[in-house]
Amino acid sequence: MKHQEKIIIYSLLPRLWGNDTQQLIPSGSMQHNGVGKMADLSSEDLDYIRSLGCNYVWYIGLLEHATKTSFAHEGIPTDHPAIVKGEAGSPYAIRDYYDIAPSLAEVVSERMQEFEALVERSHRAGLRVMIDFVPNHVARTYSSDQAPRGVQDLGQGDDPGLAFSPTNCFYYLPGQRLELPQEAQQSSIPYEEMPARATGNDCFSAHPSINDWFETVKLNYGIDYQGSGQLSCESIPTTWHRMLEILRFWAAKGVDGFRCDMAEMVPEAFWAWALSALKADYPDLIFLAEIYQNHRYAAYLEAGFDFLYDKVGLYDGLRSIAMGQASASTFTAARDAVGAMQPRMCYFLENHDEQRFASDFFCPEGKAWLPSLAATTLSGPNPYLHYFGGELGERGMDAEGFSGRDGRTTIFDYWALDKVQRLRHGGFGPALLTDQELEQLTETQLLLGSIAQHPLVLEGGYHGLNYCNEASPEYDSHRVLSFARYRDGELLLVVSSFASEARELSLHLPKSVLEHMGIDVGKPMLRQDLLFGGSAIMALTPLAPLRLSLGAYDTLIWHFIPLS
């Protein structure tokens, strides 16, 4: 795909998606709580995801990671419970980069074949496949028994007597024994690591705390953190070669893109080296970077990333608006802060790290879903990342186990989502959905599946319109977000209310703004309502503001076409 369409990514955990268990208990085992399988993502499931307008699907937690579940009977080593978060384990504590999590397979010995079949089904459904690439750290028990013949393992040949060497894959603390936080000790047999290795979140201590990523070890990309702090340039560090081999392995399996975890913790030089090599052989691969330091955005794009998270700007700003903590007029500043990089920013309303939009911690019951979704999908051609169940108003308010009731959907436990269960059991139709769930699903399908691919969204210019006021003076005008996409005399107008009550509004469009957008002032235009249907003939002029009626948390999307 050459990006003539907006990229819309549906992200899900297969572990949770296909789990039909009804009687769940917090921190329950796989045997009690059940687990979804790759095979549960049937053609019908994938057709549903495609029907939402998504063209990529990101499967979270596919790679084999540390877990408290034993597969010793399948010849798979058992992890020490002290270095596993939750019963299922974190998808970001990879134990074998060349293997698939055995819990996701119907037949464990055929797990790679089941993965290949999932890729093939996804492609047949019109979906390209993304998986996680976790370059900064691995599980403390990392050891690959599935690597291709001739491929060296991470850490193979390391000299643990050296705190740092560019030929080592890990950072060592010579002479020091690892001491895990007391809260992590869950066995009478302690976990042994001597010498200790640096922990994944740049913790160069043999005594990581419970708030550190104590279950992981940091990979060495040639930066001597405890010495010069500089990248070793004498030769290509060993880890670079190992990680490029891993990326090539999965690209050859038909993977179409990689969501790169904590990409900013890995030097730009590695990415420039690796991504250029990969794209020479796989030019359609896309790379999405999880990155939070906005001053480094340009460097990571120059290094070869296609898209970056816009979390600290757009997401944080829109969250404040939806929660009533900031004026809607601040949206344009947050959007435009990245300048010409905006089309390469990936927007989202929720993801596996963030609290659910409809949670008690964010926007209870998801009342501002429609205006927030319109802002993230229609304000530019940039990708949109959609987290599974969001289209149904999933709240993330279960106390599943490891993280407790925190407004997030667990990535650590064996669990299931009631809304997704009912969606699937009802044949992806309205049969088992509530009226509110069906309304939100319909709105999401319309926005993602149709309006987000509008030519003016993909190719038009953007202009924030902070001219919306209610006739009554007591109205808080900061609760209305309005912007336009425009090109060749056409206009796509989006006006959203983040207010809890219906309002009558006036939208003033100054002559200078209309002329800037190429609109013939006062000339008749056809106005099409893209959300609710219907059309009318009207003119845009500064002499007569648009009179608008918006319900609580409502949005209107009007397309203006000049009449000849």
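D202 sits in the loop that runs between strand 8 and strand 9 (216-218). In this predicted model, the residue stands out for its backbone: D202 is not a glycine, yet its phi is positive, at about 65°. The peptide bond joining M194 and P195 is cis, with omega at about 0°, and P195 belongs to the loop between strand 7 and strand 8.

E192 pairs with R177, and the closest N and O atoms of the two are 2.9 Å apart. Both partners lie in the loop between strand 7 (172-173) and strand 8 (196-197), 15 residues apart, so that the pair links distant parts of the chain. Across the whole structure, a search finds 32 salt bridges.

Turning to helix packing, two packed helices are described by the angle between their axes and the distance between the axes. For helix 5 (residues 238-252) and helix 6 (residues 268-281), the axes come within 10 Å and cross at roughly 35°. The crossing of helix 5 past helix 6 is right-handed. On the helix 5 side, the contact is made by W240, H241, M243, L244, L247 and R248, while helix 6 brings A269, F270, W273, A274, A277, L278 and D281. Sorted by class, the residues of this contact are ten nonpolar, one polar and two charged.

Rolling a probe the size of a water molecule over the atoms shows where empty space is left. The largest pocket holds about 750 Å³ of space. Its lining is made up of 34 residues, and K85, W213, E215, I411 and F412 are the ones nearest its centre.

Of its 13 lining residues, G366, K367, E439, E443 and Y553 are the closest to the centre. Helix 10 (369-378) and helix 12 (435-449) are the elements that give two or more residues to this lining, and helix 12 gives the most, with four residues. By class, the lining of the second largest pocket comprises five nonpolar, three polar and five charged residues.

The residues lining the largest cavity are R15, G61, H65, T67, F71, A88, A101, P102, S103, L104 and Y414. Six of these lining residues are nonpolar, four are polar and one is charged.

Note on methods:
Residues are numbered from 1 along each chain as its sequence is written. This is a predicted model: local features need pLDDT of at least 70, side-chain atom pairs count only at pLDDT 80 or more; totals for chains, interfaces and linings use all residues. Side-chain values use heavy atoms; hydrogens and water are left out. Axes are lines fitted to C-alpha atoms, for helices over the stretch in contact, and angles run from 0 to 180 degrees between N-to-C directions. A crossing is left-handed if the near helix is turned anticlockwise from the far one by less than a right angle, and right-handed if clockwise. Contact means heavy atoms within 4.5 Å. Ala, Val, Leu, Ile, Met, Phe, Trp, Tyr, Cys and Pro count as nonpolar, Asp, Glu, Lys and Arg as charged, and the others, Gly among them, as polar. On a 1 Å grid over the protein atoms alone, a cavity is a set of points where a 1.4 Å probe fits but cannot get out, and a pocket is an open set with protein on both sides within 12 Å along at least five of seven lines; lining residues have an atom within 4 Å of a point. A salt bridge is a side-chain nitrogen of Lys or Arg within 4 Å of a carboxyl oxygen of Asp or Glu. Grid points are joined across faces, edges and corners, and a volume is the space filled by probe spheres set on the points.
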